[in-house]
Every structure is written in structure tokens, then in C-alpha cells.
Amino acid sequence: QMDLIMNYTLLENILCPAGMRRNSAYNFCQPILTRISQAGRECTEVYMIRLILVALLLGIYFILSLPIMGILWLVRKFITPKAELFMQRIVQFALWVVWHVSGVKLTTIGLENIPDDQPVLFVGNHLSYFDVVIAYSQMKNRTIFIGKASLEKVPFLSWNMKFLRCLFIDRTNMRQGVKTIMEAADMTKEGISVFIYPEGMRNKS
């Protein structure tokens, strides 16, 4: 949409060259180009509004999550699975709100095939930030993500991930990477599912 706005003059020159500007062909082209430019501006404004709303919602969530995690941390050693699952449901609701506010239209196929009574290893193709937002909001049971090591340095986000026992893997350290994978394998013995993007980064394929 932004390209349409920025390239309006270029489109006008291609579709309606200077020699045509005063004839009927130009009169035909002009309303079309005007509408394309207007639609581009409208879409950009909607996009910016959605972006601001998402940023505000995430800020509010991260602030409110701190006292919630504090309370759950106090009772965690007595009801660890329930506390972690409760926090996961809160995170999932927050992510559900984020992708709805962002205007994402979701179609799921095969969600009913995920078993309820045993852990699952989810392996995904990482295409965008919304992969995690959408995927984690769909998890039925306790599920942890294996994220890249740099996420551990991000305040608020890393605190939520650590509470949920998500793991961080350093792709440059083979020994540490193997240790992380083994730790994830041990979690499956507790009935916790694991979600990983094996390529370790976003890609276009």
C-alpha cells in the first residue's frame, strides 16, 4: 500500500503519459489512480492504528504480568503444573488479543489431531514474528518454546518465558545446544510439549 502511495506519480506517468493528460484517456485513468492512492493511504492509516494498539496492549500486559507472576511464584512450589498452566493461559489470551487487534485472519487445519493426553514435539518453519504469536495461542496443554539465546536478554519477554520454563539455545555453542535439547527431552517426560523452529531464524521459504 505504501508503494502505491509513493509511486503514484510513476503510475500516472506510465498509464497516462504527458501527451494524454488532456484527452479522454487521461480522464479515464485519473479517477483510477486517485482511488488507488486513496486506498493506499487508508490502509496505511489502519496499519499504523493497529500497530499502536498492539504496542499499547503489549505494554499493559507486560506490566500487569509482573504481579501475576509474583503471586504465582509464591505458590508455585506447591502447585507447579497448575501455576504454569494458569500463566500459559494468560499468555495465550494476550497473544489471542494481539493477533485479533492486528487484523490477522486465521484458518487452522488439523488442530483436532493434537493429542490431549501426551506431550508433542512441534517443529515449525519460522516465517514471521506472528508464527509464535499464533502457534502458542493454539496450544491445548503445557507447552514450552525453545528460543534463540538473544531473547534471554529482552526484559519482560524473557521473564515471562522463564516463568513458563521456555528454553534458550545458543546456536554458536554446540555443547550448550545439546544440553538445551536434552533438557527439553526431559520436560516431555513431565508431559510438557515442546515447540521449536530448528532453523533458528526467520526465513522466506
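Student: Over how many Å should helix α4 (residues 80–101) span, and what distance separates its end C-alpha atoms?

Tutor: In this predicted model, helices are DSSP runs of H or I with at least four residues, and strands are runs of E with at least two, numbered from the N terminus. The expected span is 1.5 Å times one less than the number of residues. With 22 residues, α4 should therefore span 32 Å, and the distance between its end C-alpha atoms agrees, at 32 Å.

Student: Is Asp131 buried or exposed?

Tutor: Asp131 sits in helix α5 (residues 130–137). Buried means under 20% relative accessible area, exposed over 50%, and partly exposed in between (1.4 Å probe, protein chains only). Asp131 has a relative accessible area of 18%, so Asp131 is buried.

Student: Nice! In what order do the four strands form the open sheet?

Tutor: Two strands pair if DSSP finds at least two bridges between them. Strands β2 (residues 143–148) and β4 (residues 193–196), for instance, pair in the parallel sense over four bridges. The edge strands, each pairing on one side only, are β1 (121–123) and β3 (167–169). The sheet's pairing is parallel, and its order is β1-β4-β2-β3.

Student: Finally, how should I read the numbering and values?

Tutor: Residues are numbered from 1 along each chain as its sequence is written, and side-chain values use heavy atoms, leaving out hydrogens and water. Local features need pLDDT of at least 70 and side-chain atom pairs count only at pLDDT 80 or more, while totals for chains, interfaces and linings use all residues.
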